[in-house]
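Visitor: I would like to learn how to read a sheet in a model like this one. Where do we begin?

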Amino acid sequence: MLPRRHDYGMKRTGGPRNGSVINFRTTVNSGSVRRSSAVLPSVLTFLVIVASGGLLLMIEKGMLNSMETPPPMGSGKRLDFIRRVGKHSPAAVDVDSQILQEIRNRTIRTRKTLLQHILVNDQYHFLYCYVPKVACSNWKRVLKVLNGALESVDVNIKMDHRSDLQFLSSFKPEEIRHRLKHYFKFMFVREPMERLLSAYRNKFGEIESYQKKYGVEIVKRYRKGRAKDASVTGDDVTFAEFVHYLLDEDAERMNEHWMPVYNLCQPCAVSYDFIGSYEHLESDSEFVLQRIGAPPHVRFPERQTWYKPVTTETLHYYLCTLPQKLLRELLPKYILDFSLYAYPLPNTTTENCRH
Ligand SMILES: *[C@@H]1O[C@H](CO)[C@@H](O)[C@H](O)[C@H]1NC(C)=O
Ligand SMILES: *[C@@H]1O[C@H](CO)[C@@H](O)[C@H](O)[C@H]1NC(C)=O
């Protein structure tokens, strides 16, 4: 049994500091290091990591208080250190500004991702950070019923993921600050591998645009002898190939359907009042609807009849048949989604996989 998510209230006891440590690790694990190392010597790569660790502390503290990009010159000591080290090289100034620009770019990108994933309801004073593959279509339906754009949650229409929804990114900085401070903030999470598998089966099994946009490239990159094959359609990507692809992707730039929840909703920058789980979807949704004071006729929708949920058995099968080396490399990428939301790591020991 998984522990109830609301026991892990996101009270901000020492939040920002923890956040920076966490983010620091993300930096180490994510592709940004790999990208930099192509450009900078390894000592400087290390310094970028140290510097971005310190700066991220500032950024996280400051990012939602002041929606201006924080000046990247503030964390005195560490940057001085970079400067002193760099002084002997003629390219020092260039390297300096390149590092600073990369940090600045990263801050902007991260903030954009967050604001584009938070939906606003001003009448009931709440913010909902949506995570694709975690009942987000159903929550969007609820939001549309609450703002009058949809008559009932059961209206049989295809979900439009943009229209009639208000994104936090469309507000002015002071309006954003006000809402983040005073509104009820919630999000929903799901077992990370189950979410990935659900994304894989849905996008590569059913959606042609994803097969074309991602599938073709994945097959060409990871299937032997197909790099230049023009007949690749991308409709038969295997789960192992998909995982291969995820390993090479930067978590901060991934498609939202497989971007870690940590990067989408950034619980270290936003102090959520409630984190519900897919495992307790019904009761957790009921709790949120009561908490925001939704009228009694607004219910959380039943699961759509066409929806094929990922079962424990299916997940077990996919994880056990995946080359274990790939799984071991994949877990660190999603480790914050496991640890922050208290999901145990998958058990793929030979013993357990035999069942
Ligand atoms: C930062 O972003 C700008 C504008 O998008 C881009 O031109 C520049 O190359 C980026 N710099 C780094 C170091 O990534
Ligand atoms: C994994 O599963 C096996 C068999 O079910 C069990 O004996 C073992 O203790 C489990 N390992 C962990 C780390 O939970």
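Guide: Strands of a sheet pair through backbone hydrogen bonds, either parallel or antiparallel. In this predicted model, strand 2 and strand 3 (residues 184-189) run parallel and are joined by four bridges.

Visitor: Which residue in strand 3 is the bridge partner of L127?

Guide: L127 has K185 as its bridge partner in strand 3.

Visitor: How does strand 1 (residues 118-121) run relative to strand 2, parallel or antiparallel?

Guide: Strand 1 and strand 2 run antiparallel, with four bridges joining them. One facing pair is I118 and C129, the latter in strand 2. The two strands form a hairpin, and four residues lie between them. In that turn, H125 has a positive phi of about 55 degrees.

Visitor: What joins strand 3 to strand 4?

Guide: Four bridges do, and strand 3 and strand 4 run parallel. M187 has its bridge partner, I275, in strand 4.

Visitor: In what order do the strands of the sheet come?

Guide: The order is 1-2-3-4, in an open sheet of four strands with mixed pairing. Strand 1 and strand 4 (274-277) are the edge strands, as each pairs on one side only. From one strand to the next, the twist averages 25 degrees.

Visitor: Now the side chains. Which residues of strand 2 point one way, and which the other?

Guide: In strand 2 (residues 126-129), F126 and Y128 point one way, while L127 and C129 point the other way. As for burial, all of these residues are buried. Two of them have come up already: L127 as the bridge partner of K185, and C129 as the residue opposite I118.

Visitor: Which strands does helix 12 lie across?

Guide: Helix 12 (residues 281-291) lies across strand 3 and strand 4. Its direction is at about 150 degrees to strand 4.

Visitor: Let us turn to the ligands. Which residues surround ligand 1?

Guide: Ligand 1 has Q98, Q101, E102 and N105 around it. To read such a shell, sort its residues by class. Here the shell around ligand 1 has three polar residues, one charged and no nonpolar.

Visitor: And how do the residues of the shell around ligand 2 divide?

Guide: The shell of ligand 2 consists of N347, T349, E351 and N352. No residue of this shell is nonpolar; three are polar and one is charged.

Visitor: Which points should I keep for the sheet?

Guide: Keep the strand order, 1-2-3-4, and the direction of each pairing: antiparallel for strand 1 with strand 2, parallel for strand 2 with strand 3, and parallel for strand 3 with strand 4.

Methods
Residues numbered from 1 in each chain as written. Chains lettered and ligands numbered in written order. Predicted model: local features only at pLDDT ≥ 70, side-chain atom pairs only at ≥ 80, totals over all residues. Near = placed C-beta within 6 Å. Nonpolar A, V, L, I, M, F, W, Y, C, P; charged D, E, K, R; others polar. Buried ≥ 20, exposed ≤ 12 C-beta atoms within 10 Å, placed from the backbone. Pairing = 2+ DSSP bridges. Axes fitted to C-alpha atoms, helices over the stretch in contact; angles between N-to-C directions. Contact = placed C-beta atoms within 7 Å.
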